[in-house]
Amino acid sequence: MAKESVVTVFYDYDTQWGADRSRSPGGPKDWGHLDFVNTEGLLELHAQYEVPACFAVVGAAAESGERPYHDPEQIRRIHAAGHEIASHSFHHDWLPGLNQQQLTETLRKSKDVLEQCIGAEVRSFVPPFNQPFDYLAGGSISLAERRAAGPDRTDLQRLCETLNQVGYQFCRVAYRGMLRKLAKRIMGKKFLRPAKLHTIGGIHCLRLNAFGFDRPSLELLDRCIRHGGVLVAYGHPHACSEPGSPQRFEALENFLQIVRRHVLDQKIRCALPDDFVQAASHG
């Protein structure tokens, strides 16, 4: 029996909360307003090609207020269009630096405010900055996180256990084992592999394997079709209008066209995090 091939698409909806907390060179950024503007284009493209997506939303953006920090109405329209709303923490927090109490607070507060906004349960979580990477059981050790966060840090095991306690069921993760890190360092390139659903601390997890929507993501899509597994792609709405970005609208539209063709040919199916949770609970 052929292995199932699946594609799932995420957008990290950071808004200005994320821009203010940027950890890239230069400190805070001013692109927060673009998340709202470009999300309108994303909704149109995804409706045109009938591909659902998961929008990981900073909880504070769902509170009443003005752009570039808030737009609860747009978040409700994303949900109404058939896309999944996931939590992206409350203020786009750097999770490794949080202690247990702070972690529980941001996870619970974000979940609560998003659920009040859309009138539906929020089961999925996407960590800001794709961190923590530190996950000893998975062979992933982040010395940088350990140095910066201090002794009472949040690693991936603690994150997932706390997600489970608060009521989440899914988390997108991005850790890489030491062998894969070493291979990248020696050969100078990433080895992208189809993902498989696995469990950490009682939470269903998928490992991120595709950034943006250009050639590497399309090559991995072909690999998933040939061998089975999950393509886990993501982008940021604010970067869709950035020329040359692998997240740009032109690359995304080509990606969605190809995904739609493969769906119609029954070579692959689209799924949201909640679909994986439901399938796991029945399987």
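This is a predicted model: local features need pLDDT of at least 70, side-chain atom pairs count only at pLDDT 80 or more; totals for chains, interfaces and linings use all residues.
User: Why is Gly97 called partly exposed?

Analyst: Its relative accessibility is 34%. Buried means under 20% and exposed means over 50%, so Gly97, at 34%, counts as partly exposed.

User: Where in the chain does Gly97 lie?

Analyst: You will find Gly97 in the loop between strand E3 (84–87) and helix H4 (100–118).

User: What does Gly97 touch, not counting residues up to four places away in sequence?

Analyst: Gln102 and Ala149. A contact means heavy atoms within 4.5 Å, so Gly97 has heavy atoms within that cut-off of both Gln102 and Ala149. As for Asn130, its C-alpha is 13 Å from that of Gly97, and the two are 33 residues apart in sequence.

User: What makes a residue part of the lining of the second largest pocket, and which are closest to its centre?

Analyst: A lining residue has an atom within 4 Å of a pocket point. This pocket has a volume of about 440 Å³. Of its 21 lining residues, Asp14, His92, Phe129, Tyr234 and His236 are the closest to the centre.

User: How does that lining divide by residue kind?

Analyst: There are 6 nonpolar, 10 polar and 5 charged residues. Asp counts as charged, so Asp14 belongs to the charged group of the lining.

User: Which residues of helix H6 are buried, and what do they pack against?

Analyst: In H6 (residues 156–166), the buried ones are Leu156, Arg158, Leu159, Cys160, Thr162, Leu163 and Val166. They pack against H4 and strands E4, E5, E6 and E7. After H6 comes Gly167, with a positive phi near 120°.

How values were computed:
Residues are numbered from 1 along each chain as its sequence is written. Side-chain values use heavy atoms; hydrogens and water are left out. Helices (H or I, at least four residues) and strands (E, at least two) are DSSP runs, numbered from the N terminus. Buried means under 20% relative accessible area, exposed over 50%, partly exposed in between (1.4 Å probe, protein chains only). On a 1 Å grid over the protein atoms alone, a cavity is a set of points where a 1.4 Å probe fits but cannot get out, and a pocket is an open set with protein on both sides within 12 Å along at least five of seven lines; lining residues have an atom within 4 Å of a point. Grid points are joined across faces, edges and corners, and a volume is the space filled by probe spheres set on the points.
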